[in-house]
Amino acid sequence: MDLIKSLLDHINYVGSVTLFVIGLYTVLTHSNLLKKVIGINIMETSIFLFFVSIGYISGGKTPIIYPGTEDVYYVNPLPSTLILTGIVVALSITVYSLSLIMRLYKEYGTLDMDKIMEIRSETQDE
Amino acid sequence: MNSTHYPIIMMLLFLIVGVSNPVIKKKFDNIEKTIIMSTFFIAISLAFYTFIFIKIEGPFFYNFGGWGRKFGIEFAIDGFSSLMSLLIVLLSAVIVWYSFRDIGHEMDDENFISYYTIVFLLIFSMLGITFSNDLFNIYVFMEILSLTSCGIISIKHKKVNFLASFRYLILNTLGSLSFFFGIALLYMVTGHLNIIEMNLAIQQVWQVTPTNILLATGFIFIGLAIKSALFPMHIWLPDAHSSAPSPSSALLSGLVVKVYIFTMAKVIFNVLGKEISQALDIDLFLSIFAAISMVMGSIFAIAQKDIKRMLAYSSVAQIGYMFLGIGIATELGLAAGFFHIFSHALMKSALFLSAGAIIYKKDLRDISKFDGLGYELPISMSVFTIAALGMIGIPGIVGFMSKFYLAEAVILAGKPYFIVVILLSSFLNAIYYLPIIISAFIKKDPDREKLLEFDDIPRSMYTSLIILGFCMVLFGMFPNLLMNTITAVVPTFIN
């Protein structure tokens with residue numbers, strides 16, 4: 001019972017780690033290049049969720065200080081600002097990998113990593 | 001102007017020139033070359049000035065915007081970062097000087113200027129990682145570095161390059177994300193991202209939450225090991241380094257993988273501290289992986305036929321030496337590891353550049369066809385031979401001294417069994433480097449007519465090869481020139 005309660009209390013951590021593993025599984029097992037990129041995106045999102053939920057304090061308020069209010073808990077704003085940078089980084093990686101996939105499709109005519117490796121080994125044998 | 005700003009100006013110089021270059025220039029001509037080389041000249045003088053300034057005035061911290069350590073971004077300008085930034089700008093200047101003629105052979109004309117933009121951003125991010133004292137900041141620079149290092153591979157528009165670049169990008173991103181997750185776990189415990197503040201907090205809490213810190217270090221270790229190609233995580237490296245244009249291979253193998261090792265040293269010694277990392281057995285794991293990497297990298301290299309693939313696998317083995325130096329975690333061990341960073345940067349870039357000269361002139365990548373090449377390309381093959389002998393560990397060349405220091409450190413640390421690994425790795429190095437030297441200088445090529453020809457390669461290519469060859473012999477004969485400086489900067493990590 002304690003286990004279930006502690007899992008429910010930290011449901012955001014559990015969720016983000018689950019998403020991380022799902023993303024990693026997608027990247028490693030799927031041979032479709034686009035699915036690999038989607039997996040990377042899932043992993044990135046899971047870490048963003050984890051980082052933001054570290055900064056959350058239950059019952060905390062938005063960190064805007066109004067004069068006259070004292071003894072109020074504020075949510076830590078630093079992780080959210082860091083994640084903005086992280087989202088930009090994730091976007092640029094997605095864009096670059098998609099452009100590489102376009103080039104690879106033009107050269108090999110397929111999006112499947114296994115087939116690309118087959119074509120590559122055939123050309124090397126010649 | 002206040003000279004504490006010089007390291008930041010040096011970084012901004014690369015950023016501004018790199019980004020504005022493709023806007024103002026359309027054609028790659030002599031003016032463009034002058035702009036690039038004068039940027040390097042100014043950067044080298046700034047780096048050298050900072051190096052001297054640190055020697056006299058002592059290290060200092062640079063706060064952006066005056067926000068202070070707890071909120072803002074901080075750069076640690078100390079002996080270590082100033083020395084390594086000097087290495088980065090000097091070596092990349094030599095490689096870029098070489099690349100002016102070589103890139104014409106490797107890629108399309110319209111990509112020349114964008115190539116230098118990517119190279120400048122690459123140097124910018126390497127300098128950023130070296131200076132930065134903030135883990136999140138290091139992560140951001142690391143992502144710039146992984147994008148640009150994939151960029152200098154895929155700029156050569158060939159099938160192989162796109163594939164190598166894509167695999168490198170995916171694995172690099174997995175590494176970055178693993179590192180990022182580790183940072184998040186550390187931030188959860190400590191509440192800081194600054195390395196010094198983190199260290200203070202970890203010293204207080206590490207006995208309360210050892211699992212969390214161990215998990216975080218595990219994620220960071222895996223991430224950095226993927227990026228610096230430690231043995232089981234090296235699978236991207238041979239494709240990426242061998243298919244890239246030769247100057248890019250030299251940059252990637254000589255400098256980029258080293259920057260992740262600096263980060264590893266920062267995490268182990270500055271964030272966790274030596275006592276805590278030894279209590280968590282991190283140094284033990286590092287030295288075991290390093291030993292496996294040293295042997296397995298060399299074994300894979302023996303089987304290769306393509307010269308650049310062989311050099312790439314050799315890099316995997318040499319990365320092991322540097323990690324072993326960090327894993328021993330004594331002052332001499334760390335100094336030996338940093339000395340090997342210097343010697344490997346010189347040797348591996350010389351090897352890749354001379355292989356590049358062979359590919360430029362003869363369009364030859366197969367090792368079995370190297371017969372009599374030493375008489376057709378005497379300068380390139382001589383530099384190749386010096387560097388290869390250094391890799392094997394022949395006295396008089398810089399590679400011997402790094403192995404010597406490492407062996408001494410291993411004995412003094414009371415772990416003499418690593419000597420066997422060092423000797424085995426040197427022996428394996430000899431197995432794959434000596435046949436090339438023998439076939440190049442002793443075997444006869446039946447088609448050759450003249451007895452000896454002078455290298456018919458462009459001047460910028462052989463001058464940079466000669467500079468690298470000279471440095472290897474100079475530091476091999478007088479290792480104290482370098483070792484004294486490196487021993488002086490080790491206290492940045494171990495007091």
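The model is predicted, so local features need pLDDT of at least 70 and side-chain atom pairs count only at pLDDT 80 or more, while totals for chains, interfaces and linings use all residues. Residues are numbered from 1 along each chain as its sequence is written, and chains are lettered from A and ligands numbered from 1 in the order in which they are written.

Confidence is given as pLDDT, the predictor's score for each residue, from 0 to 100. Chain B has a mean pLDDT of 87. In chain B, 97% of the residues reach 70 or more. Chain A averages 86, and 98% of its residues score at least 70. Within chain A, confidence is lowest in helix α5 (residues 113-125), at a mean of 79. It is highest in helix α3 (residues 33-54) of chain A, at 91. Helices are DSSP runs (H or I, at least four residues), numbered from the N terminus; strands are runs of E of at least two residues. For the complex, the predictor gives an ipTM of 0.92 and a pTM of 0.92.

The two chains touch. Contact between residues is defined by C-beta atoms, placed from the backbone, that lie within 7 Å. By this criterion, 20 residues of chain B are in contact with 24 residues of chain A. On the chain B side, α5 (135-154) and α6 (159-190) each supply at least two residues. The largest share, 15 residues, comes from α6(B). By class, this side of chain B has 15 nonpolar, three polar and two charged residues. Here Ala, Val, Leu, Ile, Met, Phe, Trp, Tyr, Cys and Pro count as nonpolar, Asp, Glu, Lys and Arg as charged, and the others, Gly among them, as polar.

Two helix pairs of chain B were examined. Axes are lines fitted to C-alpha atoms, for helices over the stretch in contact, and angles run from 0 to 180 degrees between N-to-C directions. The axes of α1 (residues 6-24) and α4 (residues 112-131) of chain B come within 8 Å and cross at roughly 160 degrees. That angle makes α1(B) roughly antiparallel to α4(B). The cut-offs are under 35 degrees for roughly parallel, over 145 for roughly antiparallel and 65 to 115 for roughly perpendicular, with the rest oblique. The crossing of α1(B) and α4(B) is left-handed. A crossing is left-handed if the near helix is turned anticlockwise from the far one by less than a right angle, and right-handed if clockwise. The contact includes B:Met10, B:Phe14 and B:Val17 of α1(B). From α4(B), B:Phe120, B:Phe124 and B:Phe131 are among the residues involved. By class, this contact has 16 nonpolar, five polar and no charged residues.

In the second pair, the axes of α14(B) and α16(B) (residues 398-412) come within 9 Å and cross at roughly 160 degrees. Accordingly, α14(B) is roughly antiparallel to α16(B). Their crossing is left-handed. Residues of α14(B) in the contact include B:Phe339, B:His340 and B:Leu346. Those of α16(B) include B:Tyr405, B:Leu406 and B:Glu408. Here the classes are twelve nonpolar, five polar and one charged.

Two alanines of chain B have positive phi. B:Ala229 has a phi of about 60 degrees although it is not a glycine. It is found in the loop between α8 (210-227) and α9 (237-243) of chain B. B:Ala229 counts as buried, with 27 C-beta neighbours inside 10 Å. The scale is buried at 20 or more other C-beta atoms within 10 Å, exposed at 12 or fewer, and partly exposed in between, with C-beta atoms placed from the backbone. For B:Ala329, phi is near 60 degrees, also positive in a residue other than glycine. B:Ala329 is found in the loop between α13 (307-328) and α14 (331-362) of chain B. It is buried, with 24 other C-beta atoms within 10 Å.

Other single residues were also placed. B:Ser149 is found in helix α5 of chain B. B:Ser149 counts as buried, with 28 C-beta neighbours inside 10 Å. Leaving aside neighbours within four places in sequence, B:Ser149 is in contact with B:Leu122, B:Leu252 and B:Val256. B:Ala201, in helix α7 (residues 195-205) of chain B, counts as partly exposed, with 16 C-beta neighbours inside 10 Å.

Note on methods
Contact = placed C-beta atoms within 7 Å.
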